[in-house]
Amino acid sequence: MAMFKVSRVETTPFEGQKPGTSGLRKKVKVFKQPKYLENFVQSTFNALGAEKVRGATLVVSGDGRYFSKDAIQIIIKMSAANGVRRVWVGLNGLMSTPAVSGVIRDRVAADGSKANGAFILTASHNPGGPTEDFGIKYNMENGGPAPEGITNKIYEITTTIKEYLIAEDLPDVDISAVGVTSFTGPEGQFDVDVFDSTTDYVKLMKSIFDFQCIQKLLSSPNFTFCYDALHGVAGVYAKRIFVDELGAKESSLLNCVPKEDFGGGHPDPNLTYAKELVARMGLSKTHPESNPPEFGAAADGDADRNMVLGKRFFVTPSDSVAIIAANAVAAIPYFSGGLKGVARSMPTSAALDVVAKHLNLKFFEVPTGWKFFGNLMDAGMCSVCGEESFGTGSDHIREKDGIWAVLAWLNILAHKNKDLSGKLVTVEDIVRQHWATYGRHYYTRYDYENVDASGAKELMAHLVKLQSSLDEVNKIVAGIRNDVSKVVHGDEFEYKDPVDGSISSHQGIRYLFEDGSRLVFRLSGTGSEGATIRLYIEQYEKDASKIGRESADALAPLVEVALKLSKMQEFTGRSAPTVIT
Ligand code: VG1
Ligand code: CO
């Protein structure tokens with residue numbers, strides 16, 4: 001067994017190592033600076049405390065983006081030096097964010113021990129490659145992202161850090177082959193266990209869904225299917241699950257080979273960036289497709305997001321979580337005993353609220369970011385949750401789960417088409433039926449990416465200031481359009497966690513209208529450059545004769561109000577958003 005020594009390396013703080021909505025995300029060139037990654041990793045160890053780190057089992061893996069392989073070797077050497085007992089690494093360093101969460105919760109080492117936490121190496125939906133983004137986040141023992149108490153502590157430590165520990169002489173571990181490599185250090189044995197995480201993940205999915213029923217649907221000549229991993233880590237799992245287990249054709253997989261730069265694309269599953277899938281599903285104006293598949297879906301880089309499409313039909317993520325919640329008990333075996341409760345992030349539309357009310361379910365509205373759902377789930381208060389940003393999931397793990405969401409839809413479709421004798425019940429049928437029952441939430445999000453940070457701050461300050469007089473706001477609104485309802489409430493969203501009582505303030509600026517419409521403005525916490533303003537626009541329509549409109553037409557008056565009220569162009573210099581979803 002190779003021996004290693006522990007070196008203490010002097011260092012000085014780097015500015016700006018503050019984790020955002022989901023970890024620390026920066027340009028690769030920032031992460032590649034000597035000692036940059038080391039400072040953040042050591043600060044995380046220090047924040048957790050030596051008693052938690054010594055003897056621990058840690059997962060280290062990610063979405064395979066550029067710089068991951070180097071980062072994994074550095075984190076292995078630092079783990080060894082900090083007294084970690086073993087590190088679990090996904091084959092080739094690949095593990096989706098939901099798979100990591102599952103591994104933390106369920107995998108057991110030969111000696112019976114389980115993982116205490118994980119470093120997940122991803123910048124999620126941000127592009128990858130030498131000139132693009134890298135990211136790192138820490139997940140806790142429950143499989144969920146570190147709560148704000150810990151991330152704030154990590155940040156504080158990064159501002160004063162003086163040294164880090166590393167086993168410089170530990171040889172690089174071959175992560176391209178499954179197996180355990182053992183070393184001996186001053187505190188005893190240290191193991192690196194490289195394993196194929198798809199097996200664990202397939203097992204988890206099989207314990208939730210009715211694979212037989214889904215397989216029957218996928219093999220029906222009536223039903224056609226397509227999945228786009230956008231060259232992210234989802235590709236590895238997609239092949240195993242959709243092709244090997246469920247019998248989909250190989251040709252139904254698009255971009256399912258993970259690449260360090262995601263093939264030069266933006267691994268973000270939305271109508272703008274998932275171009276190939278959007279065209280294949282018949283949703284591209286410039287590339288009309290004569291015979292699109294019945295079902296299409298995509299994932300982001302680390303496979304925790306999903307976009308679900310029907311033939312020439314887009315399902316908004318806010319509708320998706322509501323529809324899954326409404327059908328879960330009847331269609332999905334894991335939920336057959338009932339739902340403990342449901343939750344959504346604040347900017348997500350209120351479609352889920354209406355389902356919760358109808359089904360008499362506990363309901364929670366939390367700030368943006370998955371970490372807030374975990375406490376509710378740990379306390380047994382929530383089974384299904386989602387965000388408007390293409391994130392959907394359940395309490396099977398503590399992260400959103402892209403492939404889970406696709407399987408949930410397939411299981412619902414399979415359930416509705418059980419006898420397969422008559423006409424196929426399509427994705428569009430299910431959504432329209434849902435609207436007819438619960439009403440429709442017209443919804444859109446405008447993103448202004450990489451705008452000047454000071455302009456963005458001024459815009460937000462302007463919107464907060466306006467809220468001091470709703471009379472004034474209503475005068476302005478009436479001057480812009482006379483066909484929108486009145487603003488009855490304006491605030492900055494604040495959340496008090498019902499489980500631990502912690503408070504999160506400044507979680508987005510809300511304007512609530514008399515008819516249930518909402519405008520929400522937020523600054524993104526996942527960007528790596530400048531600022532990104534997100535504007536969320538929503539309008540509820542109960543009248544069955546009015547639920548079939550084009551979303552853009554229905555929302556046009558509110559969009560105009562939002563842009564003029566916020567003085568968007570004045571503050572940002574932008575006449576149009578970067579992305580509309
Ligand atoms: C965005 C989304 C948010 C999501 C977060 C992480 O955050 O809006 O809903 O939880 O990304 O998703 P922000 O702060 O940029 O709006 V992932 O898939 O990038 O880890
Ligand atoms: Co992601």
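**View 1. Helix α13 and the glycine after it.** G380 follows α13 and has a positive phi, near 70 degrees. Helices here are DSSP runs of H or I with at least four residues, strands are E runs of at least two, and both are numbered from the N terminus. Helix α13 spans residues 371-378 and is mostly covered, with 6 of its 8 residues buried. Buried means under 20% relative accessible area, exposed over 50%, and partly exposed in between (1.4 Å probe, protein chains only). The buried residues of α13 are K371, F372, F373, G374, L376 and M377.

This is a predicted model: local features need pLDDT of at least 70, side-chain atom pairs count only at pLDDT 80 or more, and totals for chains, interfaces and linings use all residues. Residues are numbered from 1 along each chain as its sequence is written, chains are lettered from A and ligands numbered from 1 in the order in which they are written, and side-chain values use heavy atoms, with hydrogens and water left out.

**View 2. The cobalt site.** The cobalt ion (ligand 2) is coordinated by S124 (OG), D300 (OD), D302 (OD) and D304 (OD), at 1.9 to 2.1 Å. Donors are N, O and S atoms within 2.8 Å of the metal (3.2 Å for Na, K and Ca); water is not among the atoms, so sites may look incomplete. Along the chain, the donors follow the spacing S-x175-D-x1-D-x1-D. S124 sits in the loop between β6 (117-121) and β7 (133-139), and D300 in the loop between β13 (295-299) and β14 (306-310), so this pair ties together parts that are 176 residues apart in sequence. Both S124 and D300 are buried.

**View 3. An open antiparallel sheet.** Six strands run in the order β21-β24-β25-β26-β20-β27, with antiparallel pairing. Two strands pair if DSSP finds at least two bridges between them. β21 (487-492) and β27 (579-580) stand at the edges with a single partner strand each, so one side of each has no neighbour in the sheet. Strand β20 (residues 440-451) pairs with β27 over 2 bridges. Y446 has I580 of β27 as its bridge partner.

**View 4. Two non-glycine residues with positive phi.** Most residues other than glycine have a negative phi. H506 has a positive phi of about 50 degrees. H506 lies in the loop between β23 (503-504) and β24 (509-513), and is exposed at 60% relative accessible area. K567 has a positive phi of about 55 degrees. K567 is in the loop between α18 (551-566) and α19 (568-572), and is partly exposed at 34%.

View 5. The whole structure contains 0 disulfides, a disulfide being a pair of cysteine sulfur atoms within 2.5 Å. For C382, the nearest cysteine sulfur is that of C385, 4.7 Å away. C382 is buried, with a relative accessible area of 1%. C213 is also buried, at 15%.
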